[in-house]
Amino acid sequence: MAPIITISGLTKTYASGFKAIKGIDLQIEEGEIFALLGPNGAGKTTMISIICGNVRPGGGTVTVAGHDIVRDYRKARSTIGLVPQELSTDQFERVIDTVRFSRGLFGKPRNDAHIERVLRDLSLWDKRNSRILELSGGMKRRVMIAKALSHEPRVLFLDEPTAGVDVELRRDMWTLIGDLRRTGVTIILTTHYIEEAEEMADRVGVITGGELILVEEKAALMQKLGKKTLSVVLAEPLAALPVGLTEWAVTLGEDGREIDYSFDTRAAHTGVASLLRRLGELGIGYKDLNTRQSSLEDIFVSLVHREKGA
């Protein structure tokens, strides 16, 4: 199956000389959930804005559903729904009116059944006649999603979709996003909440300094880089690691009171038991053991720090 989004050599340099995007290549498959992670100023929003036609690219090409975003802007844009970070809509409009109007902007004929279905899926049907200003922040976010879905897009961009949303509503949104994917909608989201990517994404891209430094299936990324760490709290501090521990590639804490050993829990032999035996043979006592599983957040932080140190 051909990818629904193809990005080749994408660049963007602003008039100030700031290089926001530096030669990005990426393909996104139809029906997947792709999470784009990166620190503030990494280029996430600029990249999405280019794909959605809100910012003109400096160089390279982008196609959406086979349509070039510059040469065939209208057809490309009609396949895209965008939920921006900012809650920007007429505060005095009724919910149902603003969603209907958004559909009309794309030249779609009136379809009350579709609008009702979208509002019901987003738990907005009971609020359909309410003015936007009467809604909570979480409900306003849902209205933005309804507007983005009003014209039946094949691709949905969610730029920080749960920013300012409480934990309960955030979970509801995760469920909604999963439901949308099951209908065949391709979803690309940017987020500061690493658990969102860990919960929902099929693939993860990490962007920093305008460069896409990694694209990987989430499961493969967790398997490749997500390790478990055993921390051995020593009975007495060590000035240095004994030569007899080099086989395990352990590290000694700054105060000499803790030894850390990273291992793969899926390996046939983790080396934990043999490490503890060796500590006993060397006369190194310990008073506590702790383990910690690496999360996607740990992986993200290590990748960004590695890139900065390169």
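**Figure 1. Surroundings of Ser231 in the predicted model.** Leaving aside residues up to four places away in sequence, Ser231 touches Glu258, Ile259, Asp260, Asp288, Leu289 and Asn290. The model shown here and in the other views is predicted. Ser231 belongs to strand 11, which spans residues 228–234. One of the residues that Ser231 touches, Asp260, is also its partner in a polar contact of 2.7 Å between the two side chains. The relative accessible area of Ser231 is 13%, so this residue counts as buried, the limit being under 20%.

**Figure 2. The chain as a whole.** The chain has 310 residues, and 45% of them count as buried. Its secondary structure comprises ten helices and 14 strands. Among contacts with a separation of 6 or more, 69% are between residues 24 or more positions apart. The remaining views show selected parts of this chain.

**Figure 3. Helix 3 and helix 5.** Two packed helices are described by the angle between their axes and the distance between the axes. For helix 3 (residues 95–105) and helix 5 (residues 137–149), the axes come within 7 Å and cross at roughly 30 degrees. Helix 3 is therefore roughly parallel to helix 5, since angles under 35 degrees fall in that class. The crossing of helix 3 with helix 5 is right-handed. On the helix 3 side the contact is made by Val95, Thr98, Val99 and Ser102, and on the helix 5 side by Val143, Ala146 and Lys147. By type, the residues of this contact are four nonpolar, two polar and one charged.

**Figure 4. Helix 3 and helix 4.** Helix 4 covers residues 112–121, and its axis lies 11 Å from that of helix 3, at an angle of about 125 degrees. That angle makes helix 3 oblique to helix 4. Helix 3 passes helix 4 in a crossing that is right-handed. Helix 3 contributes Val95, Ile96, Val99, Arg100 and Arg103 to the contact, and these meet Asp112, His114, Ile115 and Leu119 of helix 4. Five nonpolar, one polar and three charged residues make up the contact of helix 3 with helix 4.

Figure 5. Which residues of helix 3 are buried? They are Val95, Ile96, Thr98, Val99, Ser102 and Arg103. The cover over these buried residues includes helix 4 and helix 5. After helix 3 comes Gly107, with a positive phi near 75 degrees.

Figure 6. Is His114 buried or exposed? With a relative accessible area of 8%, His114 is buried, because the class takes in values under 20%. Not counting residues up to four places away in sequence, His114 touches Arg103, Leu149, Ser150 and Glu152. Of these, Arg103 is a buried residue of helix 3, and Leu149 falls within the residue range of helix 5, 137–149.

Figure 7. Most residues other than glycine have a negative phi. Ala65, not a glycine, has a positive phi of about 55 degrees. Ala65 sits in the loop between strand 4 (59–64) and strand 5 (67–68). Its relative accessibility is 22%, so Ala65 counts as partly exposed. Ala249 has a positive phi as well, near 50 degrees. The loop holding Ala249 runs between strand 11 and strand 12 (251–252); strand 11 is the strand in which Ser231 is found. Ala249 is exposed, its relative accessible area being 64%.

**Figure 8. Arg171 and Glu196.** Arg171 is part of helix 6, residues 167–182. In sequence, Arg171 and Glu196 are separated by 25 residues, and in space their C-alpha atoms are 9.2 Å apart. Arg171 has a relative accessibility of 44% and therefore counts as partly exposed.

Terms used
Residues are numbered from 1 along each chain as its sequence is written. This is a predicted model: local features need pLDDT of at least 70, side-chain atom pairs count only at pLDDT 80 or more; totals for chains, interfaces and linings use all residues. Side-chain values use heavy atoms; hydrogens and water are left out. Axes are lines fitted to C-alpha atoms, for helices over the stretch in contact, and angles run from 0 to 180 degrees between N-to-C directions. Helices (H or I, at least four residues) and strands (E, at least two) are DSSP runs, numbered from the N terminus. Angles under 35 degrees count as roughly parallel, over 145 as roughly antiparallel, 65 to 115 as roughly perpendicular and the rest as oblique. A crossing is left-handed if the near helix is turned anticlockwise from the far one by less than a right angle, and right-handed if clockwise. Contact means heavy atoms within 4.5 Å. Ala, Val, Leu, Ile, Met, Phe, Trp, Tyr, Cys and Pro count as nonpolar, Asp, Glu, Lys and Arg as charged, and the others, Gly among them, as polar. Buried means under 20% relative accessible area, exposed over 50%, partly exposed in between (1.4 Å probe, protein chains only). A polar contact is a pair of N or O atoms within 3.5 Å; within protein, one must be able to donate a hydrogen and the other to accept it, and residues adjacent in sequence count only if both atoms are side-chain atoms.
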